[in-house]
Amino acid sequence: MTSRYRSSEASQGLGSFSPRRRTVVKAAAATAVLAGPLAAALPARAATDAPAFLHGVASGDPLPDGILLWTRVTPTPEAIPGSGVGPDTEVGWVVARDKAFTSIVAKGSTTATAASDHTVKADIRGLEPATDYWFRFSAGGTDSPVARTRTAPAADADVSGLRFGVVSCANWEAGHFSAYRHLAARNDLDAWLHLGDYIYEYKSGEYAARGKVVRPHAPANEILTLADYRIRHARYKTDPDLQALHLKAPVVAIWDDHEFADNAWSGGAVNHTEGAEGTWPARQAAAKQAYFEWMPVRPAIAGTTYRRLRFGKLADLSLLDLRSFRSQQASTASGSVDDPDRTLTGRAQLDWLKAGLKASDTRWRLVGNSVMISPFSFGSLSADLLKPLAKLLGLPQEGIAANTDQWDGYTDDRRELLAHLRSNAIGNTVFLTGDIHMAWANDVPVDAGTYPLSASAATEFVVTSVTSDNLDDIVKVPEGTVSAVAAPVIRAANRHVHWVDTDRHGYGVLDITAERAQMDYYVLSDRTDPDATTSWARSYRTRSGTQKVERTYDPV
């Protein structure tokens, strides 16, 4: 039975994830020059040459018969992330039906090398659907922590319910990842969705908590090179709350801009200076390579995160990549938001999304969407609120017409997609969104200008940030101050918006049954407190067949 599970992907380690580029840092130079900043990405370890699993273990992209396992081994003390040094190391993995590993169903081994930053992936197949499994890795007599994972239901299974944690925008320097800890404590998640900005690229101190660094990240510089991106991913993977959540449930992740650079597009980014910071293609390639090395993500198309997962007859989940193919954000220089030659998705991805939504035979069609699709008019916000909102969204602080980084900046793509939903009578489409550092519950109108007289084509639940600054942080006033003023104005100018909270940090829990999809919004007491508590804030749901959001007064 063991040999059945030693797939080609597992035996090759990263398989199709093998890096195309090697770091230009030579071993001796890396050890001598970079030892300080690289070591900052590691937790403390004993002074031993024994291999260690300092960055935890994780699983992701559940299938009915499989799961993708991940870890990073530190084979020797000098083989720190981004160093490009360290010996080839055999890493074993084992999967069992029980936490004590008395019923082993799969095992195998692969080789971790410096070429892949000593990260390991094993794509396990032949498992049973809708089943909990436990797994661990081992190397040189050292075992990793034991983690739980769960496979997806069979494609034709009648599933009574699904429950997902939903998060986005976790800025290391702006606070602690208590949101992850509270999700890990639930013990009821089929998986958790990360909708982008798993890491941030800024230099130390550039983007913190109301301007104050809660905890310094590594490296201290803005990340530009493959070594930089590897070190930053490694720093994040040392967080105990993030490790705890990865130990409890599989993740389904997409990237947004900060996995690359702020407001990234196919040819550059706001936070990239061509020449002075190298070339954009080289930086983008480095960011993608590090991401696929360090994340348990199985790309359907090489170099992207768009793919589709199915959870029985109840739901399928289309995951988007809204950075790799997009045109530059609209401005005087780069064109109008309505220009049909500009795209957010790219032609191939939009056709793939439309075809998948039309062909879907599940009750719910979920879309993992890194930037908000619902239109958003700034209405009559006063200047003192308009300017910080513009800063939050990365927009010019005068003369704003739209947030051009969102679907508002690419109206032709949005119009085509929503028309497709309407003309093909595709119901129960729910967009799950991050990016904007606020919580929203929206209808997605075909024509926002005439809504509610015009139809709603879908619904959207937007989760706030785990730690990244939102409006009250930018204005530096007590939590809730800005939202009390801004939320009514935003809702008055956007009648499809049922709720917006501009000021708090937290996460969501999405619960799905045949009758409804419900998002419970949770908020943290203090993102800067490692022991922050959590509390339920609000819940909204969309009932099957309605394409509209309504408030419900109890969490699941």
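Here's a short tour of this structure, one selection at a time.

Before you click, know that this is a predicted model, where local features need pLDDT of at least 70, side-chain atom pairs count only at pLDDT 80 or more, and totals for chains, interfaces and linings use all residues. Residues are numbered from 1 along each chain as its sequence is written, and side-chain values use heavy atoms, leaving out hydrogens and water.

**Stop 1: strand β2**

7 of its 7 residues are buried, so β2 is largely enclosed by the rest of the structure (buried means under 20% relative accessible area with a 1.4 Å probe, protein chains only). Show the side chains: Gly66, Leu68, Trp70 and Arg72 point one way, while Ile67, Leu69 and Thr71 point the other. In a regular strand, side chains alternate between the sheet's two faces.

Look for Ala58 opposite Trp70, and for the hairpin that links β1 to β2 through 2 residues.

**Stop 2: the open sheet**

Next, find the 7 strands in the order β12-β13-β14-β15-β17-β16-β18, an open sheet with mixed pairing. At its edges are β12 (307-311) and β18 (497-501), each with a single partner strand, so one side of each has no neighbour in the sheet. Zoom in on β16 (439-445) and β17 (456-462), an antiparallel pair with 6 bridges. Trp440 stands opposite Val462 there.

**Stop 3: two helices side by side**

Select α5 (226-236) and α7 (280-294), which pack at about 35° with axes 8 Å apart. Axes are lines fitted to C-alpha atoms, for helices over the stretch in contact, and angles run from 0 to 180 degrees between N-to-C directions. Among the residues making the contact are Tyr229 and His233 of α5 and Ala286 and Trp294 of α7 (contact means heavy atoms within 4.5 Å).

**Stop 4: a bent helix**

Finish with α12, residues 481-493. Where does α12 bend? The bend, about 25°, is at Ala487, and Pro488 follows within four residues. A bend is the angle between axes fitted to the seven residues ending at a residue and the seven starting there. Val482, Ser483, Ala486, Ala487 and Ile490 of α12 are buried.

Methods: Buried means under 20% relative accessible area, exposed over 50%, partly exposed in between (1.4 Å probe, protein chains only). Two strands pair if DSSP finds at least two bridges between them.
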